[in-house]
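I opened the model to look up its sheets, its nonpolar cores and one of its pockets, and I note the entries below in the order in which I went through them.

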Amino acid sequence: MAKRQRNQLHGWIVLDKPLGLTSTQALGKVRWLVNAEKAGHGGTLDPLASGLLPIALGEATKTIQWAMDGMKTYQFTVQWGSETSTDDLEGKIVATSNYFVSSNENNVLPRSMSFAAMRQNVSAALLSFHGAVQQRPPAYSAIKVDGERAYDLARAGEEVALDARTVQIDNLTVIDWPTPSQTTFEVVCGKGTYVRSIARDLGRALGWLGHVVMLRRLAVGPFRAADMISLEKLTEMVHSPASENSLSGILRPIESVLDGIPALDLMDPDAQRLRHGQTVMLQGNAPLAAEVVLVRHDGRPLGLGSIENGVLKPRRLFNL
C-alpha cells in the first residue's frame, strides 16, 4: 500500500491538551490528524495537566527553543493537609499536617483555623515566592540523573534528591478558594519552573503541607488561551470539506515565537547568498553583533542567523 503524501505545513497549532494524555501522545494525535511531515511541541505538560501545548509543524520545529524559553502562565489548585510522593494527585500520601483533620474519606477541613486567618497566612507566605526563587524539582520529573530520568528512578524505588536551582516567578496570586482546604492560584513563571514544587514548598512554608489537584496552562510565550483549539475541534476541521482553508486559519506563523529577537530584512542578492549557506557583509544601519537574528526576505522568514563584526552568518535556515 502506498504511503499517503505528507502535508507541507509550517507553523504552530496551539492545542488545548486534554487531561489523561502525555504531551508526546497529544503531539502524535495532532501530527496524524494534519498529516504533517515534521512536528514537535514547545513545553511538556503532565498527563494530569490540561491546557496550552504549542505544536510546531514543519520548519517551525526549528524555533521550538524560543517557545520553551518563553514565560508561562498556569492556574492550579492546591489541596492542603497532605504531601504526596509526586507532589500531585497521582502519588501516594507521604506526610499529613496537624493543621487539618479528615472529616471523611473525601474531605479535609482546617483544624481551629478561621477562613480569614487562612487567607492572611497564604498572603504572607506568597511574599517569598516572587522573583528569582530557589526551587528543587519534584523527584518525579523528566530531569536526568546519571543518564536516567528522575521519574524512572523514583518509580523503581530509588531515593531521588535533585539539586535546587534558580527559577523566575513574576507573579503568584490567589484567584479562588474552592473549598476551605483548597486554594486556586495563578502563576506567571519562567523556563524550568515546576508548579508542583511551588505547591509543595508553599505548603511547607505554611506548615500545612500541600499537593496539586488541578493544573491548567493558559499561556506559553506569545500564545494565549484564546489561541487554543481542542482535539475535538481540530478533528472536525480536518474532516470538513474545506479542511485546507480551515487549517490555514488556525496555523500560527513560524516566527510567532521570535518576537523577542531582532529582525533583519535582506535584498535579493544577499538573501540568495544566505540561502546557499554563505555569509553576508552587512552595511548601513545593521547591527555589528547579535547572537541571533530573524532574517526575512520579501516579508517572509528566511531563517535564523548571527552577526559578528558586521558579518551575517546562517544559523538555521527555513526550507519554505
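Before turning to the sheet, I note that two strands pair if DSSP finds at least two bridges between them, and that helices (H or I, at least four residues) and strands (E, at least two) are DSSP runs, numbered from the N terminus. This is a predicted model, in which local features need pLDDT of at least 70 and side-chain atom pairs count only at pLDDT 80 or more, while totals for chains, interfaces and linings use all residues. Residues are numbered from 1 along each chain as its sequence is written, and side-chain values use heavy atoms, with hydrogens and water left out.

**Sheet.** I looked up an open sheet of 5 strands and found the order S17-S19-S20-S21-S18, with mixed pairing. Strand S17 (263–265) and strand S18 (280–281) are at the edges with a single partner strand each, so one side of each has no neighbour in the sheet. Inside the order, strand S19 (residues 290–297) pairs with strand S20 (residues 300–308) in the antiparallel sense over 6 bridges, and I noted Gly305 in S20 as the bridge partner of Val293.

**Cores.** I then turned to the nonpolar cores, each a set of buried Ala, Val, Leu, Ile, Met, Phe, Trp, Tyr and Cys residues joined through side-chain atoms within 4.5 Å, where buried means under 20% relative accessible area, with a 1.4 Å probe and protein chains only. The largest has 29 residues, and those with the most contacts inside it are Phe76, Trp80, Leu172, Phe185 and Val187. Its largest share, 5 residues, comes from H5. A second, separate core of 20 residues includes Leu53, Leu57, Met237 and Leu247.

**Two residues.** Taking contact as heavy atoms within 4.5 Å, and leaving aside neighbours within four places in sequence, I found Phe185 in contact with residues including Phe76, Trp80, Leu172 and Leu202. Thr73 is placed in strand S4 and counts as buried because its relative accessibility is 14%. With the neighbours within four places again left aside, the contacts of Thr73 include Glu186, Val187, Arg217 and Leu218.

**Pocket.** A pocket is an open set of points on a 1 Å grid over the protein atoms alone where a 1.4 Å probe fits, with protein on both sides within 12 Å along at least five of seven lines, and lining residues have an atom within 4 Å of a point. The second largest pocket has a volume of about 360 Å³, and of its 23 lining residues the closest to the centre are Gln79, Ser82, Ile93, Val108 and His211. The largest share of this lining, 4 residues, comes from S7.

Note on methods:
Points joined across faces, edges and corners; volume = space filled by probe spheres on them. Buried < 20%, exposed > 50% of the residue type's maximum accessible area, 1.4 Å probe, protein only.
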